[in-house]
Amino acid sequence: MKPQRNHGAPLSQLSRLRVSSPMARRCSRGLSTKIYRAGVCGPPHISTTWSLLRSPSSPARVMLDNSAAGRTLIKDNGNNTRDYTKTHRDSNQQTHHPQLSEPSSLHSGLFSCSTTGSGIRKWEASSAPLPPSILSSAVFDSIGQSCISPTHPSYPTSPTSDCCCCFLIRPHRPSPRRPMAFNAYSTASSDISTPRSISPSSSIISARSSHSSVSSKRLSLSLQRRQSALNPMSSVDISAIEEQMKMASLDGLRGYAQNHYGEVQQYRSTDYVPQSAAGGYQVLREPLWNKGLSFTPDERVSKNLTGLIPHAMESVDTQVARCMKVINSRQTNIDKYMYLSSLKSQNYDLFYRVLIDNVRDLMPLVYTPTIGDVCLQYSTLYTRPEALYISIKQRRSIRTILKNWPYPNPEICVVTDGSRILGLGDLGVNGVGISIGKLSLYTGAAGIHPEKTLPIVLDVGTNNEGNLKDPLYLGLRARRPAPSVAQEFMDEFMEAAADVFPNMVVQFEDFETEKAFAYLARYRNKYKCFNDDIQGTGAVVLAGYIGAVNLSGVPLEEQRLVFMGAGSAGVGVAKQMVEYYTRRGLSEQAAKEKFWLVDTKGLVTLDRGDKLADHKKYFARADNSGHQFRTLEEVIEYVRPSALVGLTATFGVFTESTIRALKASVDAGGSGRRPILFPLSNPLTKAECTFEQAVQWTDGTVIFASGSPFSPFAVKAGDHAVTYWPNQGNNVYVFPGLGLGAILAKASKITDEMVYISASSLSESLNAEEIHKGLIYPRIERVRDASVVVAREVMKAARREGVSTLPDEQWVEWEEWGDVALTKFIKERIYDPLR
């Protein structure tokens with residue numbers, strides 16, 4: 001039986017049902033009319049009714065008749081009765097009982113039909129009881145398929161009878177091998193079939209097979225049209241509307257003027273208890289004063305600590321061992337970081353003792369690479385303030401905010417606006433994690449007292465869509481302002497910082513490239529400041545390059561360098577290296593011509609056709625004879641470099657073919673030469689290549705330095721193994737010593753000479769063991785020793801440059817007694833907790 005387009009549609013829904021008795025099959029011809037009139041299922045556009053009939057929770061009994069005043073019974077496994085009186089008029093002027101409210105809980109009840117004067121049929125609940133014998137009778141097929149069966153033989157099925165025929169309708173559960181589309185209606189021709197216990201004839205199977213693909217296509221198109229006609233919202237992008245509503249609810253500044261700024265008026269100062277007068281929990285809750293189980297018996301009595309801490313005294317080594325056990329029990333680096341952060345908030349002395357004694361293991365947790373993941377999640381991980389948060393909305397109150405910092409007279413601050421954090425992009429206020437991490441290393445690597453450090457984030461908004469949509473984001477939920485507005489805000493900050501803390505050195509960190517160069521040029525001669533991304537990175541790479549040149553076997557005049565990456569770090573590094581060559585007798589132009597910079601568009605040339613950023617113009621090539629080189633491989637083939645430096649923040653950009661091409665260009669110059677390869681991007685997920693790849697693709701000849709740490713790599717050679725040692729060109733070798741030297745020399749500004757000396761002195765700080773291993777940086781365990789050397793040489797450079805404001809008498813003494821006296825002066829002022 002092939003259903004008609006409209007009146008056959010209700011019957012076609014029964015394709016999911018099986019008739020399990022001859023009586024049921026005999027009445028199947030009239031079943032369409034009965035159900036259609038009874039209102040259990042409606043015409044095609046009443047799509048929700050079948051979800052009722054196909055309820056997964058229980059079957060339903062349906063009583064049907066053919067009379068104009070037909071009655072319908074719907075009964076589930078329970079005995080609850082709910083009354084409905086509803087009308088619905090379809091396109092054929094037929095009235096039907098609509099969807100019941102709970103598809104998963106079918107209702108029982110008798111319904112009678114009456115016709116109004118306008119021809120609309122009205123279904124009403126009836127109180128007439130149903131014979132118990134009907135409710136108790138049911139027929140199912142042997143394997144539990146859906147069925148329609150007469151539940152009592154006393155109800156005839158004649159189409160002309162006024163009596164009712166009661167059926168049990170059970171939801172169909174599809175076979176696993178024939179998944180059923182749970183759509184509202186079907187237009188397939190084989191709607192009614194026999195139960196599986198009765199084998200269909202081969203002709204039926206053939207017919208179904210031949211029409212299956214055509215029927216499924218018709219079904220899909222028909223369903224789409226019908227569902228669209230039934231649901232006027234089907235063409236509306238609900239998710240987009242919800243997203244707009246979510247963003248509107250998060251935008252608390254919408255409709256307000258954005259160029260009016262008030263000034264915070266504080267009516268009293270904060271009175272802090274001095275350390276000498278503090279006692280009890282005042283001591284234990286101040287991390288600068290709390291010494292944990294290192295308090296002596298006298299201190300416990302004098303500070304009223306008896307009973308507030310365990311009655312035990314432990315050595316420093318025991319306390320450090322406990323902390324390391326906790327750290328090693330944590331499963332993820334984020335969890336380890338959170339424990340260290342908690343320890344730091346309670347006990348500075350113990351935190352820094354743990355860090356100093358285990359710097360190789362813990363530096364990757366407090367700085368790169370873990371700090372990158374922390375910054376990405378900072379708003380989610382936030383538990384307590386650890387910095388100053390200066391919003392552009394409070395730009396008239398910067399001095400007030402700075403004065404609220406609880407520790408007076410900080411000597412070093414790290415400030416960021418979060419616009420370019422590591423290789424992760426614009427993180428907004430979440431970038432404050434980099435300021436916190438850097439200052440931990442100022443203390444751990446150079447011994448600057450934690451009380452003298454100040455992390456700051458300038459919150460000027462963010463262009464990061466993820467942050468703007470994140471309901472937990474802690475920063476200003478607005479896009480970054482125009483560069484001129486950001487510049488004004490930065491001017492106000494630098495002026496206020498110099499006014500409130502005149503002895504403080506400011507380190508710029510992770511500003512986007514154009515602002516990084518602009519701010520450094522604008523402030524370097526007016527304030528005590530430097531940019532670690534430009535100057536610090538340049539210095540540490542230069543230090544490694546000086547050592548690498550000595551190991552490479554390539555004469556200085558034959559050195560050629562390709563830089564993959566032409567941002568602030570790349571250009572800053574290249575400029576530091578230019579100074580290295582000019583100090584060895586080359587002119588600036590000759591030194592500059594040793595460098596080829598590559599960005600995303602290829603080799604940076606003056607005639608490339610695009611508008612070059614100002615910082616790129618210095619190294620733009622003019623000797624390419626009109627040829628443009630679009631890929632790194634093409635540039636290597638053209639230049640034949642001896643060194644390849646990566647600052648792209650793109651993982652894997654140094655491919656095997658690239659590195660082998662570098663080795664080939666070096667080998668072509670003669671035997672005994674070694675390629676220099678510096679993939680310097682942080683964190684590890686942004687490294688241009690791994691140490692293992694570099695060793696394998698250069699047959700072990702590479703001189704390697706990376707921005708993030710790699711483990712040694714061993715290669716078996718016959719009966720023994722050769723171990724290759726990586727170098728980490730981490731800025732931690734430079735910026736702590738540079739900052740310490742500037743602080744102790746009381747420098748009025750940080751000059752290029754001081755930055756260059758930090759690099760050259762670092763290259764000279766290796767010991768005999770490190771040189772024997774072929775290293776170009778000191779082992780990270782000796783970073784404090786290296787920082788003392790760097791600080792000493794920076795102080796001497798400040799004296800030569802005339803920017804040290806220390807008394808002349810002090811310098812006369814050091815000039816008489818030399819490095820021994822100056823080194824002693826530095827070490828006496830280094831913070832070395834619990835020692």
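**Buried and exposed elements of the predicted model**

In helix α13, the residues V359, L362, M363, P364, L365 and V366 are buried. Because 6 of the 8 residues of this helix (residues 359–366) are buried, α13 is largely enclosed by the rest of the structure. The loop between α13 and α14 (370–376) contains P369. The peptide bond that joins T368 and P369 is cis, with omega at about 5°.

The model described here is predicted. Its protein chain contains 33 helices and 21 strands. Of the 835 residues in the chain, 52% are buried. When contacts between residues at least 6 apart in sequence are considered, 71% join residues at least 24 apart.

The largest nonpolar core comprises 159 residues. Within this core, L402, I456, F493, Y545, F595, F678 and M795 touch the most other members. The element that gives the most to the core is helix α21 (residues 532–552), with 10 residues. Another core lies apart from it and has 25 residues, including V635, I659, A694 and F704. For Y545, contacts beyond the neighbours within four places in sequence are made with Q559, L561, M577, Y580, Y581, A643, I676 and F678.

The side chain of D426 takes part in two kinds of polar contact. With the side chain of R480, D426 forms a polar contact of 2.8 Å, and the side chain of D426 also reaches the backbone nitrogen of N463 at 2.8 Å. Leaving out residues up to four places away in sequence, D426 touches G418, S419, T462, N463, N464, N467 and R480.

N467 belongs to helix α18 (residues 465–469). Its relative accessible area is 8%, so N467 is buried. Beyond its neighbours within four places in sequence, N467 is in contact with D426, L427, G428, N430, T462, Y473 and R477. The C-alpha atoms of N467 and V429 are separated by 9.4 Å, with the two residues 38 apart along the chain.

On the surface, M233, V236, I238, I241 and M245 form a nonpolar patch. Together these residues have about 420 Å² of accessible area. I238 lies in helix α7 (residues 238–250) and counts as partly exposed because its relative accessibility is 37%.

Backbone geometry was also examined. Most residues other than glycine have a negative phi, and most peptide bonds are trans. S625, which is not a glycine, has a positive phi near 55°. S625 occurs in the loop between α24 (614–617) and α25 (632–639) and counts as exposed, because its relative accessibility is 66%. K746 is likewise not a glycine and has a positive phi of about 50°. The loop between α28 (735–744) and α29 (752–763) holds K746. With a relative accessible area of 48%, K746 is partly exposed.

Note on methods. Residues numbered from 1 in each chain as written. Predicted model: local features only at pLDDT ≥ 70, side-chain atom pairs only at ≥ 80, totals over all residues. Heavy atoms only, no water. Core = buried A, V, L, I, M, F, W, Y, C linked by side-chain atoms within 4.5 Å. Buried < 20%, exposed > 50% of the residue type's maximum accessible area, 1.4 Å probe, protein only. Helix = DSSP H or I, 4+ residues; strand = E, 2+ residues; numbered from the N terminus. Contact = heavy atoms within 4.5 Å. Patch = residues over 30% accessible without salt bridge, like charges linked within 9 Å, V, L, I, M, F, W, Y side chains within 5 Å. Areas by Shrake-Rupley, 256 points an atom, 1.4 Å probe, with all protein chains shown as cover. Salt bridge = Lys/Arg side-chain N within 4 Å of Asp/Glu carboxyl O. Polar contact = N/O pair within 3.5 Å; in protein donor to acceptor, adjacent residues only side chain to side chain.
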